[in-house]
Amino acid sequence: MAFRKPPDGGWGWVIVVVSFFTQFLCYGSPLAVGVLYLEWLDVFGEGKGKTAWVGSLANGIGLLASPVCSICVSSFGARPVAIFSGFMVAGGLMMSSFAPNIYFLYVSYGIVVGLGCGLLYTATVTITCQYFDKRRGLALGLISTGSSVGLFIYAALQRELVDLYGLDGCLLIVGALSLNILACGSLMRPLEPPSSPPPEKPSGDKVPDQYFVYREKEKTVEENVSILEKGYVDEKCVKNIPDYKQDGVLNKSALSSVSVNEKDTYKKKVVEQTNFCKQLAKRKWQVYLNYWKETVVLFKNKVFSALFVAILLFDIGGFPPSLLMEDVARSAGINEDDYHMPLISIIGIMTAVGKLILGILADFKWVNTLYLYVTTLLMTGAALFAIPFAKSYLTLAMLSGILGFLTGNWSIFPYVTTKTVGIEKLTHAYGILMFFAGLGNSLGPPIVGWFYDWTQEYDTAFYFSGLCVLLGGFLLLLAALPCWNSCSSHSSKLPPNTYSYKVASSA
């Protein structure tokens with residue numbers, strides 16, 4: 001569907017506000033799941049790697065299903081998807097309060113809540129990009145801070161609720177709070193398409209035409225019956241011969257002719273309905289075929305191909321600290337009385353700051369957003385390498401703040417994707433990239449947990465995490481070097497609204 005020019009304001013700011021609160025409400029508990037992770041370890045007594053699957057699924061399954069989420073938003077719109085997803089998130093959290101074992105949590109908290117969050121994330125990002133162009137970086141930065149503020153508040157809130165009402169009561173209350181997503185989703189008014197002449201005939205009106213054909217044929221049969229009856233009556237009146245035997249013969253012939261016509265009409269109906277279903281199936285198959293063709297075209301873009309590798313490795317290595325940092329501190333022998341603030345809360349508030357600042361920087365013309373994103377990846381890898389050397393609350397708090405700020409690069413990731421493939425292909429490309437991000441989110445924490453179960457310490461795990469992030473950053477940097485764009489003809493083949501990643505002269 002073609003949308004009119006983004007207004008860069010007006011109702012768009014309402015979209016920003018409700019998208020902020022939507023991400024706040026849906027991602028608050030899954031991102032702050034590290035608090036619940038400690039409780040689940042104590043309640044179910046499973047290994048760290050096995051228990052970490054709950055939080056990793058909640059944060060990864062929605063991203064894994066991003067292609068499906070993108071199709072849902074494209075087909076039904078952001079508002080219906082947001083309202084439906086609100087029920088999923090609230091229901092999944094409330095179901096988790098009755099979990100008898102860790103496997104039940106895999107479904108209720110991991111899959112149901114995670115899928116609802118994925119739908120909501122795609123809906124908020126898509127509708128925000130439709131409403132903003134020049135201020136898109138600022139708008140995306142503002143809405144993405146919602147999940148970070150949610151992480152900051154929910155980390156302390158869930159810990160307090162667990163102390164007051166227990167683990168089950170905490171999940172019930174958090175689930176009830178998530179119902180406010182329904183009110184936010186109802187305000188996501190779609191951007192109206194440009195004024196254009198009405199189409200010749202909508203697809204929904206084509207089916208009644210088939211029905212009218214059938215009705216015409218049925219009407220022909222009825223007319224034939226009436227003509228036969230009328231002819232028979234006229235003939236009797238003219239001849240005035242009361243021949244009951246002749247009447248029976250005429251009735252039989254009329255009924256037989258009517259039954260033959262009805263059979264022919266029924267056969268034609270079946271044939272036409274079969275042809276209609278075949279044409280519909282062909283159109284649907286063509287849609288899927290076009291989707292895969294467009295996917296192949298996207299992967300021919302070297303920057304896009306490197307981007308999907310970078311986001312996969314970044315989430316494998318960069319996501320575990322937000323889930324496991326509390327357990328890292330406990331494993332290092334740090335007393336909880338020394339905590340001035342939960343480490344997860346520090347990650348959350350600094351992520352909000354990072355998203356806002358990086359989003360604002362992305363709007364400056366002299367800033368190359370891809371190189372900015374690569375810089376955050378390389379710095380994240382260095383910070384992960386430093387975690388094994390942190391043995392006090394202060395050093396862990398500083399590293400948590402640095403990692404949180406750098407994780408704010410999520411706010412510029414949609415911006416980079418849009419400039420790489422164009423706004424027309426944003427939903428398609430973003431869905432593919434989020435699939436790989438979800439794969440990284442799902443695998444990262446269990447891998448770190450398995451490293452701990454194997455070595456009984458986190459040092460090796462975070463060396464591995466830092467190596468993954470650094471590798472992804474260097475690959476993306478190599479793909480974006482100006483030497484790849486040596487031919488000016490290559491830039492002319494790029495789709496409209498795309499961005500050629502060359503170093504700006506003023507940078």
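Thr128 is buried, at a relative accessible area of 0%. Buried here means under 20% relative accessible area, exposed means over 50%, and partly exposed lies in between, with a 1.4 Å probe and protein chains only. Thr128 sits in helix 6. Setting aside neighbours within four places in sequence, Thr128 is in contact with Ile15, Ser19, Ala139, Leu140 and Ile143. Contact means heavy atoms within 4.5 Å.

This is a predicted model, in which local features need pLDDT of at least 70 and side-chain atom pairs count only at pLDDT 80 or more, while totals for chains, interfaces and linings use all residues. Residues are numbered from 1 along each chain as its sequence is written, and side-chain values use heavy atoms, with hydrogens and water left out.

Now the whole protein. It has 19 helices and zero strands. Helices (H or I, at least four residues) and strands (E, at least two) are DSSP runs, numbered from the N terminus. Of the 507 residues in the protein, 47% are buried. Take the contacts between residues at least 6 apart in sequence: 84% of them join residues at least 24 apart.

The axes of helix 4 (residues 66-76) and helix 6 (residues 102-131) come within 9 Å and cross at roughly 55 degrees. That makes helix 4 oblique to helix 6. Angles under 35 degrees count as roughly parallel, over 145 as roughly antiparallel, 65 to 115 as roughly perpendicular, and the rest as oblique. The axes are lines fitted to C-alpha atoms, for helices over the stretch in contact, and angles run from 0 to 180 degrees between N-to-C directions.

Which residues make the contact? Helix 4 contributes Cys69, Ser70, Cys72 and Val73. Helix 6 contributes Leu115, Gly118, Leu119, Thr122, Ala123 and Thr126. By class, this contact of helix 4 with helix 6 has six nonpolar, four polar and no charged residues. Ala, Val, Leu, Ile, Met, Phe, Trp, Tyr, Cys and Pro count as nonpolar, Asp, Glu, Lys and Arg as charged, and the others, Gly among them, as polar.

Next, the cysteines. Cys129 is buried, with a relative accessible area of 1%. Cys170 is buried too, at 0% relative accessibility. The disulfide count is zero, where a disulfide is a pair of cysteine sulfur atoms within 2.5 Å.

Last, a loop. Gln456 lies between helix 17 (426-455) and helix 18 (459-479). Gln456 counts as exposed, at 52% relative accessibility. Most residues other than glycine have a negative phi. Gln456 is not a glycine, yet has a positive phi of about 60 degrees.
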